[in-house]
Amino acid sequence: MINRRKFLGLSGGAAIAAGLAACTGTSSDSGSTTSTGSKELRLFTYEDNSTIDLLKEQVKKFDTQNGTTTTVDSLPGSGAAVYPDKLRTELLGGKGPDVWRIWGGQIGAPFVKAKQAMDLSTYYQKYGWDSKINPAAVEGMTFDGVKGGMPFIALGIGGWYSKAAFAKAGVTAPPKTYAELEEANAKLLKSGITPLGTGGKYGWHVMRLFEYLLETSAGPDLHDKLLTGDESWDRPEVVTAFTNFKKWQDQKWIPDGAVGLDPAEVELWYVQGKSAYTITGPWTEAQGIQAGGKKSEDFGVFEFPTDHDPLRHSGFVEGYMINAKTGNPDMAAALLDFLNQPETHKALKITASVVAGAEPDQATLPLSYEWAQGPAKKPFYTIQDQAFPKKEADQYFAIQSDVLQGKTSPADAAKKMQDVIKAMKK
Amino acid sequence: MAWVFAAPALLVYVVFLVYPALSSLWFSFTDWDGLSATYNVVGLQNYKDMPHDPVVVQAAINNLIWAVVTVVVPVVLGLTLAVVLNGKVRGKPFLRLIFYTPAVLPLVSVASIWGWLYNPQYGAINAFLRAVGLDSLAQPWLGQDSTALGATMVAAIWLRVGFPMLLYLAALQGISPDLYEAATVDGAGKWQQFWHITMPGLRPAHYVVIALSVIDSFKVFDLIYAMTYGGPGTATQVMGTWMYFNVFQYNQAGYGTAIAVVITLVAVVVSVPYVRSQTKEHAV
Amino acid sequence: MTSVVPTAALPDTIVTTGEKNKPKNQGIGTTIVMVLAALVWISPLVLLVITALRPLSDFVAHGPLSWPGELTVKNFTQAWDIGNFATTYRNSTIVLILKVPLGVFVSAMLAYALAKLRIRFGAAIMYTVFLGLTIPIYITIVPVFVMARSAGITDSLVGLIGPYLAFGIPFEVLVLQSFIRQIPDEIVEAARIDGAGAWRIFLTIVLPLSAPALVTVLILDAVATWNEFLFALILLNSDAHKTIPVGLLNFQGQFSNNSTGLAAGILIAVVPILIAYTFLQRWIVGGLTAGASKG
């Protein structure tokens, strides 16, 4: 084994030798921790301009209470793309931020695996996070048994629909069984509208549909075992899921050429009257319906029926991690705990809090409130682009794409998926 | 004396490009995940794995197609535009501006615009085809393996015509007008003048334009990344995007770097005739 | 589909204008064809402009390809704030002014050495420089970040200059050396006999004679610098130091994009470059050197 840091440390030295670098802190990147009594923290996040000021305000409040100075740097952007790259480079090339926000599942996992994020179990005990935070969310921030992060929000995926489109097609109530959903699709299509607006560019959005179909055909137990690789994918339940998946495309229940569409566009179709519903999380109420100048009362939300008990939906977690090399882990943990207080969540206008007492405002966000009161309290399974490492998730999606285009039969797709999982487990 | 002129650029170049590139080169012989503090040296294993990676094979083929199309078409179009816009046309500055404008746009906007145009149900392209009665040609351009690469190449051509146009325009200024006057007196038509004066006069520019375009096409990354994300499936992966996915998204920095090394080697081979032609013309 | 039109149309126009030799009509046919081609070329951009001119709610409610229900210029004022343009404009301009002329100048020096001076290892340098064209930026960012850190210049505009110069040099040197090579040796020789040193020849003969190439390279380099994203993303942290392309990220949320704001932001971002281009292109084709290169 070679120590990477030493190697890159040499790089830094060579640059100085080249006479270009007016060198200030020579050994700053050698991984030494700064003094433990430090009152300075740096928080790195990806919030955009609609929420960043709220966060800065709260962090300031924390600073006043604790006599700390916290810098908040944000790199907004369509999420998983640039932010992890930047974070990674900062951690590799230097000390990195003390605290950073990150998605759970396999996006956050590498940082814990590489031991760049601190094991937070002592702080879980100290602050009682285990009892305060929704356990399913804690699960999403636990990696190979290591509590590598503190969950902050948990977002569940449901069906968001236009009441007008459902009414026009004669669909009186949201479907309660999978058969009813198929019936509704047929009626909607007949009324001249694409039922489900979904787009497969980047893979993940169409994955929402497939993971639902898999939950429906396999049921919770088998589904979980498939995800962990404890059961083979080469089995009838998986073939059924792929067969249904293809059916959705063939029947035109999803848009033509769905795999090439940008989800950021297609997800809004249900607001624009181009599709009847979409498969997404509660953020769509503020950023889809209300941003489009429409009223929440004209839309509704339902849980996709799986015909199983418990009825589960997919979801994902976002949270905060603490740098393993931070100069002041106690203060960083205190900041995390502060950020997870119900009052802080309310001030941050969070609609999918992991702690009780911070539900969305019923008056302004009635649908998110409705979701938070019911489905959000149920267990969920991790969305599958985060259930697998990115590489396997991409292979998974490539198989789905082939199925939708008719290049791979559902039976072959199941076999190929088993190969992917087998190779991953090796 | 020559070194005084060469030194500043070479120094900056070596420190900020050659040196970082070489220190990354090392990782192509390791299994580094791009994140951990430690790694193992694996020798040539990353290189040996490449031919067995179906995506690498597909990416190489895509790169070849991409290279041929996005070199030939923009170069021919750019040359045509340069010649025409160097001649007797009204509104030249304006026309030159328009054909160059796409090259200035940030790629996120290019991806959005073409995504809107290509949208199968609501896009302008299919709407146009349906309007002129060619309904059967309307299709999900970016949503199927068979057309996705072609669709990105059209956008690339749109984007890149300005570059050869600009270089050719500059090169045309080096051709003496006297040559054309003499040819006109001799009764040569415009075509003859183009083939016998313009084309030979542009020979050094051809070398530069073609060499740079070929390298650019091998390096292609951000346009495809923004437009299709390598999809559907892996249908539009090229070496550049596949390297990026491996280095940054699959935690296989060693393997991804090895792909980068291969692209660089290919480019070096491409550069041999170019550098030869340049150094021979001016034998020291 | 649309982009096929100019290919088919253009060669013909050369022929037709060539055959018509009446001085007054000359160029009209070509002009018409070119204007049509230009309209086709610019049409995708119309979408961008329309998007920038409609309210976000209208865009979200009706989709990108609908006819806007109402037009507004509010997006531009909002985009100016969201994109933090007051700051990013200043930062990008500083980088541009520091980097581009310097980069073109040192590249021209190296190009001159390669093309006209007897430099040893000329071919080796050419290969090395050519190699640089293929190096993807993202392969080098970690070492570059480490260097910037040990020099204490992360999160500072100065830290961008080194990598920007280095990644611009290969392209600039290759283009410039090929143009400088075209300058007849006799001119250089004659000056030398007159007693001019290498510097004087470079400054008073080589640079002026290469004006079209210099301006071309200047434009291309300015565009590349103005739009550079990855180094700026990695090396800059605080809002006070961000450049325009990093600031444009402010329009992309985790779950939805502010598309109308982004469109307006992009227009704000590219306008100065387009103005500069319009202004500079006169020097490419202004015929400054037409007489000189006759030799």
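1. The model is predicted. In the contact, 90 residues come from chain C and 88 residues from chain B.

2. On the side of chain C that touches chain B, the elements giving two or more residues are α1 (4–19), α2 (28–52), α5 (85–116), α6 (122–132), α7 (137–150), α8 (158–182), α11 (211–227) and α14 (259–285) of chain C. The most comes from α8(C), with 13 residues.

3. What is the make-up of the side of chain C that touches chain B, in nonpolar, polar and charged residues? There are 62 nonpolar residues on that side of chain C, against 25 polar and 3 charged.

4. Chain C has 14 helices and 0 strands. Its pattern along the sequence is accordingly α-α-α-α-α-α-α-α-α-α-α-α-α-α.

5. Chain C has 295 residues, of which 54% are buried. Taking contacts in chain C between residues at least 6 apart in sequence, 74% are between residues at least 24 apart.

6. The largest nonpolar core holds 323 residues. The members that touch the most other members are B:A9, B:M165, B:L167, B:Y168 and B:L169 from chain B, together with C:L110 and C:Y112 from chain C.

7. B:L169, one of those core members, deserves a separate look. Which residues does B:L169 touch, leaving aside those up to four places away in sequence? In chain B they are B:A82, B:L85 and B:N86, and in chain C they are C:I284 and C:V285.

Conventions. Residues numbered from 1 in each chain as written. Chains lettered and ligands numbered in written order. Predicted model: local features only at pLDDT ≥ 70, side-chain atom pairs only at ≥ 80, totals over all residues. Core = buried A, V, L, I, M, F, W, Y, C linked by C-beta atoms within 7 Å. Buried ≥ 20, exposed ≤ 12 C-beta atoms within 10 Å, placed from the backbone. Contact = placed C-beta atoms within 7 Å. Helix = DSSP H or I, 4+ residues; strand = E, 2+ residues; numbered from the N terminus. Nonpolar A, V, L, I, M, F, W, Y, C, P; charged D, E, K, R; others polar.
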